[in-house]
Amino acid sequence: MDLALGTRLTGGREPLAQRLLEQLVDSLDEIEDTICRARTDEDDEALLDAIHGLNGACRYCGAPRLGLTAETLETHLRTRGREAMAPLLERLLHAMAELCQWRAASASGPQPSRTTKATANSSSSDNDR
């Protein structure tokens, strides 16, 4: 997470960068569910839509790691198909979980913990990554 980058990307408007970051983090559960459902259903169009939306959402809030991972995943899906993007999916889910953990750690009040499929799948083999 890079709030300074988000602030620069929003033309120096830190409150806007913070609000965009909050909106992104608040949407991650739904995005993760959509991605996982589309993958299970082998619905490449829905998968591409979800990843493209996440990629765009990362553009102005200072989440460069998540944004780069989403962009790379989107490119692999568009150019090489679902099989080529599979190793990157765990990285994407992990980056999403890390962003949620960052927000929880930086918040002044207690936050509920978030267990994602990435956390649940953390025991998957390195070949899947």
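Mentor: Let me begin with a term we will need: a helix axis here is a line fitted to the C-alpha atoms over the stretch in contact, and angles run from 0 to 180 degrees between N-to-C directions. Please also keep in mind that this is a predicted model.

Trainee: OK, so which helices should I try that on, and how do the axes of helix 4 and helix 5 cross?

Mentor: The axes of helix 4 and helix 5 come within 9 Å, and they cross at roughly 165 degrees. Because an angle over 145 degrees counts as roughly antiparallel, helix 4 and helix 5 are roughly antiparallel to each other. The crossing of these two helices is left-handed.

Trainee: Which residues meet there?

Mentor: On the helix 4 side they include Leu66, Leu73, His76 and Leu77, and on the helix 5 side they include Met85, Leu88, Leu92 and Leu99.

Trainee: Let me step back. What is the secondary structure of the whole chain?

Mentor: The protein chain has six helices and zero strands, so reading from the N terminus the order is simply α-α-α-α-α-α. Of its 129 residues, 37% count as buried. The chain exposes about 7400 Å², and carbon and sulfur atoms supply 48% of that area.

Trainee: And how much of the contact is between residues 24 or more positions apart?

Mentor: Among contacts with a separation of 6 or more, residues 24 or more positions apart account for 61%.

Trainee: What about a core, which residues touch the most other members?

Mentor: The largest nonpolar core has 29 residues, and those touching the most other members are Leu24, Leu28, Leu54, Leu66 and Leu92. At least two residues of this core come from each of helix 2 (14–40), helix 3 (44–57), helix 4 and helix 5 (82–106), and helix 5 supplies the largest share, nine residues. As a general point, nonpolar side chains tend to be buried together in soluble globular proteins.

Trainee: Back to packing, then: at what angle do helix 2 and helix 5 pack?

Mentor: Helix 2 and helix 5 pack at about 150 degrees, with their axes 10 Å apart, and that angle makes helix 2 roughly antiparallel to helix 5. The contact involves, among others, Leu21, Leu24 and Leu28 of helix 2 and Leu92, Leu99 and Trp102 of helix 5. The crossing of helix 2 and helix 5 is left-handed.

Trainee: And helix 3 with helix 4, how far apart are their axes?

Mentor: Their axes are 8 Å apart, and helix 3 and helix 4 pack at an angle of about 150 degrees, so they too are roughly antiparallel to each other. Residues that meet there include Leu47, Ile51 and Leu54 in helix 3 and Leu66, Ala70 and Leu73 in helix 4.

Methods:
Residues are numbered from 1 along each chain as its sequence is written. This is a predicted model: local features need pLDDT of at least 70, side-chain atom pairs count only at pLDDT 80 or more; totals for chains, interfaces and linings use all residues. Side-chain values use heavy atoms; hydrogens and water are left out. Helices (H or I, at least four residues) and strands (E, at least two) are DSSP runs, numbered from the N terminus. Buried means under 20% relative accessible area, exposed over 50%, partly exposed in between (1.4 Å probe, protein chains only). Contact means heavy atoms within 4.5 Å. Accessible areas come from the Shrake-Rupley method with a 1.4 Å probe; for residues, only the protein chains shown count as cover. A nonpolar core is a set of buried Ala, Val, Leu, Ile, Met, Phe, Trp, Tyr and Cys residues joined through side-chain atoms within 4.5 Å. Angles under 35 degrees count as roughly parallel, over 145 as roughly antiparallel, 65 to 115 as roughly perpendicular and the rest as oblique. A crossing is left-handed if the near helix is turned anticlockwise from the far one by less than a right angle, and right-handed if clockwise.
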